[in-house]
Amino acid sequence: MSIFDKKKPISDKKIEGIYAAELNKEEKEVKTSQLAGIIQKEIDASSKRIEITDTPKEASKDLINAREKIKESLSTFISERNEASELYEEEKVKLASFKSSLSSTVNDIQGFQDVKKLSISRNWESLSTSKCPVCENNVENKKDAELSKEAIEKSIAFLKSQKSTYEKYIEASESVLERYVSALAYYDKNITLKRTQLDSIHKDLNSPSSQSVRGELEMQAELKYRLNDINQFNAYLESTKNRMKQLSTQYFILDTEEKRLKGLVSSDEETILKFKKSFISLLDSFGYKSNGVTNITIKDKPPHRLMPIVFMEGQEPQYIRYVSSASDFVRSIWSYYLCLLDMGGLHPGFLLMDEPGQHQMRVDSMKELLSHSSNIGKQVILAISQDRDYDKKDVNISSLIEDIDPNKIHMLHIEDNTYCISPIKHAVSDEDLQ
């Protein structure tokens, strides 16, 4: 059973305590970090024994031939190692490209899925030729007209296929990189060994007597080979421990982030509930009658996520627009936008409405809208005709604001035959006509 708690990051102290060991001849445990020092002492002792050997020099033809073969083998290993290194770097570039393409594809999929969500419950044909919810004028979007539900679905299906392909490429590429890493380690190990053998033969050829020290050099070569393995293993172990420290730190960060996100989910639910209550309260104050405010809700799940839904007994939930009168739908627009203005953390902080009193709006509703707007504590700009029919009566703007504190509003009168938004008329000079 693991001594580590899987629910908590591993401390650096515990990671540092990880070690590898082997049993010596006395069946006692010797750490690999200590073993490297023991082997090095044996090599140093062997070198001293070789140095004190005093017999006549005699070059060995066999050793010379062996040296040339080792040099040839070393050259081959170096050449193959360089080739493998180049292929390794090329594969790393490929992997980076695959990951970049995968990221782009995932973003594209998310983009198309967001486009689908934007339609809410409307079809693509109505999206491309939709109407303003207030004035009912057509609003044409040529780019949306080129879209269709089928085209979006096909694009998403194609992109998901691409995503799957890139994931397979990445998996295969990472497997290839692992093989290259193993191959490079193999070449590095053999290159080190060949160089060690060349060093031993060089000492042998220059020693007092090749015959007298050959056995000693062979033992020394074996010890150096062993030391090389131990050093490589210790380096790998230290690298793994450092990686574990990084993973432990990342785990701690991700664990903290997960807890924060879970807190946000709970906070979101509270915010949505507060938004719903505020929205329904405003609807009621504005005089919404179509379905009764008790049948209206807002939820963070389909259908019509985060939009007002009407639940009627024996019927499927409906978006509020489809089961409301024209004036009541306008009241729902007022309520929704004013709630966003009041509660939206990323809202720009002001709201602009053009002729909010269309669709046979009642006078009491308009008065409540103006009263609430003056008390919300944020900037609400309302473009309202000076005289307009409300409840089939001609009503002047002054009667709508008679009960509002003048210090809370700013009236800006626009002359007749002019508009809030007008095209700029440029003077034409004689030069322009030439």
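User: How many salt bridges does a search of the whole structure find?

Analyst: The search finds 16 salt bridges. The structure is a predicted model.

User: Why is the contact between Lys99 and Glu174 called a salt bridge?

Analyst: A salt bridge requires a side-chain nitrogen of Lys or Arg within 4 Å of a carboxyl oxygen of Asp or Glu. The closest N and O atoms of Lys99 and Glu174 are 3.9 Å apart, so the pair meets the definition. This pair links distant parts of the chain, for Lys99 lies in helix α3 and Glu174 in helix α6 (residues 149-205), 75 residues apart.

User: What makes Lys99 and Glu174 count as buried, partly exposed or exposed?

Analyst: Buried means under 20% relative accessible area and exposed means over 50%, with partly exposed in between. Lys99 has 43% and Glu174 has 35%, so each is partly exposed.

User: What separates Lys163 from Glu167 in helix α6?

Analyst: The two residues are 4 residues apart in helix α6, and therefore about one helical turn separates them. An α-helix has 3.6 residues a turn, so residues three or four places apart point the same way. Lys163 and Glu167 form a salt bridge, with their closest N and O atoms 2.8 Å apart. Lys163, at 27% relative accessibility, is partly exposed, and Glu167, at 34%, is likewise partly exposed.

User: How do you know that Asp300 and Arg305 form a salt bridge?

Analyst: Their closest N and O atoms are 2.7 Å apart, and the cut-off is 4 Å, so the pair qualifies. Asp300 has a relative accessible area of 37% and is partly exposed. Elsewhere, salt bridges that share partners join Glu16, Glu238, Lys241 and Lys245 into one network.

User: Which residues form a negative surface patch, and why are they called negative?

Analyst: The patch is formed by Glu80, Glu83, Glu86 and Glu90. Asp and Glu count as negative, so each of these Glu residues does. One of them, Glu86, is found in helix α3 (residues 61-118).

User: Why is Glu86 called exposed?

Analyst: Glu86 has a relative accessible area of 53%. The limit for exposed is over 50%, so Glu86 passes it.

User: How do you know that the length of helix α8 agrees with what its residues should span?

Analyst: Helix α8 (residues 326-343) has 18 residues, which should span 26 Å at 1.5 Å a residue. Its end C-alpha atoms are 26 Å apart, so the two values agree.

User: What makes α8 largely enclosed by the rest of the structure?

Analyst: Of the 18 residues of α8, 13 are buried, and so the helix is largely enclosed.

User: Where is Asn375, and how far apart are Asn375 and Lys408?

Analyst: Asn375 is in helix α9, and at 45% relative accessibility it counts as partly exposed. Asn375 and Lys408 are 33 residues apart in sequence and 7.5 Å apart in space, C-alpha to C-alpha.

Terms used:
Residues numbered from 1 in each chain as written. Predicted model: local features only at pLDDT ≥ 70, side-chain atom pairs only at ≥ 80, totals over all residues. Heavy atoms only, no water. Patch = residues over 30% accessible without salt bridge, like charges linked within 9 Å, V, L, I, M, F, W, Y side chains within 5 Å. Areas by Shrake-Rupley, 256 points an atom, 1.4 Å probe, with all protein chains shown as cover. Charge placed at Lys NZ, Arg CZ, Asp CG, Glu CD. Buried < 20%, exposed > 50% of the residue type's maximum accessible area, 1.4 Å probe, protein only. Expected span 1.5 Å × (residues − 1).
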